[in-house]
Amino acid sequence: MKRVKSYKLKVVGQNSFLFFLVPCSLFLILVSFKVPSYRMGKLKYNGGGDWYADRTALPNLIAFCNSNLKTNFYAEESIVEVGGKEIFGYPFVYMTGHGNVQFSDLEAKNLRQYLIGGGFLHIDDNYGLDKFIRPQMKKVFPELSFVELPSNHAIYNQKFKFSGGLPKIHEHDNKRPQGFALIYKGRVVCYYTYECDLGNGWEDLGTYPEDTQETRLKALKMGANLVQYALTQ
């Protein structure tokens, strides 16, 4: 999968003198407007789990990345199917939920092709996903197992530094947050956040009364690190 780059809308014409007929303010708008270059996807899967959870999370993460990383994502998320060909047009795909996940053989094969071809999947356990997603990702990569990334890994040292590794956003079972990865030929193709709940932290402030602005900002910064790492590794 080729890396998608942002580009600027250009004003061109055979008669250069037409440039002077364009009002100055309109010209400035034309030359500075950035056409969105790529989209962020939310993974839709079968099995009955709530793949649609964290409804405001990705739009907020997109806005934060476009502002702080100068990425050029469309403002809204797109829904992508595990087995659909459209997934190959997304450099970053997010998956969440609390319940059951089921990949068919064809879906597992499609997801594998997407990931080994340059794609990146962030799986975010929204509490209860762990026992379902692990066997399904084993169908995608039978030869790989999730490994916990150390706190000095590059994923925690992008624009924002997390010296202690993955931050804790929501409390579930009094367990420490863990960031796991599937690494294929030296490249992280899938990053799995467990006992952290980043997506809840990305949602609109006030969605969870116990979340402070400080906690939310911490979650957004970690999310931005994931996006930056996915686009540049």
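**Cavity, strand and salt bridges**

Modeller: The largest cavity has a volume of about 40 Å³, the volume being the space filled by probe spheres set on grid points that are joined across faces, edges and corners. This is a predicted model, in which local features need pLDDT of at least 70 and side-chain atom pairs count only at pLDDT 80 or more, while totals for chains, interfaces and linings use all residues. Residues are numbered from 1 along each chain as its sequence is written, and side-chain values use heavy atoms, with hydrogens and water left out.

The structure holds 1 cavity of 30 Å³ or more. A cavity is a set of points on a 1 Å grid over the protein atoms alone where a 1.4 Å probe fits but cannot get out, and lining residues have an atom within 4 Å of a point. The lining consists of Asn-200, Gly-201, Glu-203, Asp-204, Leu-205, Gly-206, Thr-207, Tyr-208, Asp-211 and Arg-216. By class the lining divides into 2 nonpolar, 4 polar and 4 charged residues; Ala, Val, Leu, Ile, Met, Phe, Trp, Tyr, Cys and Pro count as nonpolar, Asp, Glu, Lys and Arg as charged, and the others, Gly among them, as polar.

Now the strand. Helices (H or I, at least four residues) and strands (E, at least two) are DSSP runs numbered from the N terminus. Buried means under 20% relative accessible area, exposed over 50%, and partly exposed in between, with a 1.4 Å probe and protein chains only.

S9 has a parallel partner in strand S6 (residues 121-125), with 4 bridges, where Leu-121 is opposite Cys-190. Strand S8 (residues 178-184) pairs with S9 in the antiparallel sense over 7 bridges, and there Ala-181 faces Tyr-191 of S9. Pairing requires that DSSP finds at least two bridges between the strands. The hairpin of S8 and S9 has 2 residues between the strands, and in it Lys-185 takes a positive phi near 50°.

Two loop residues follow. Asn-174, in the loop between strand S7 (147-148) and S8, has a positive phi near 60° without being a glycine. With a relative accessible area of 69%, Asn-174 is exposed. Glu-195 lies in the loop between S9 and helix H5 (198-202) and has a positive phi of about 55°, again not as a glycine. Glu-195 is buried, at a relative accessible area of 2%.

Glu-195 also meets Lys-168 in a salt bridge through their side chains (3.2 Å, N to O). This pair links distant parts of the chain, 27 residues apart: Lys-168 belongs to the loop between S7 and S8, and Glu-195 to the loop between S9 and H5. Lys-168 is partly exposed, at 23% relative accessible area. A salt bridge is a side-chain nitrogen of Lys or Arg within 4 Å of a carboxyl oxygen of Asp or Glu.

The structure holds 6 salt bridges. Another of them joins the side chains of Lys-42 and Glu-77 (3.9 Å, N to O). Here Lys-42 sits in strand S3 (residues 40-44) and Glu-77 in the loop between helix H2 (57-68) and strand S4 (78-81), 35 residues apart. Lys-42 counts as buried at 1% relative accessibility.

Technical notes: 1 Å grid on protein atoms, 1.4 Å probe; cavity = no way out; pocket = protein on both sides within 12 Å on 5 of 7 lines; lining within 4 Å.
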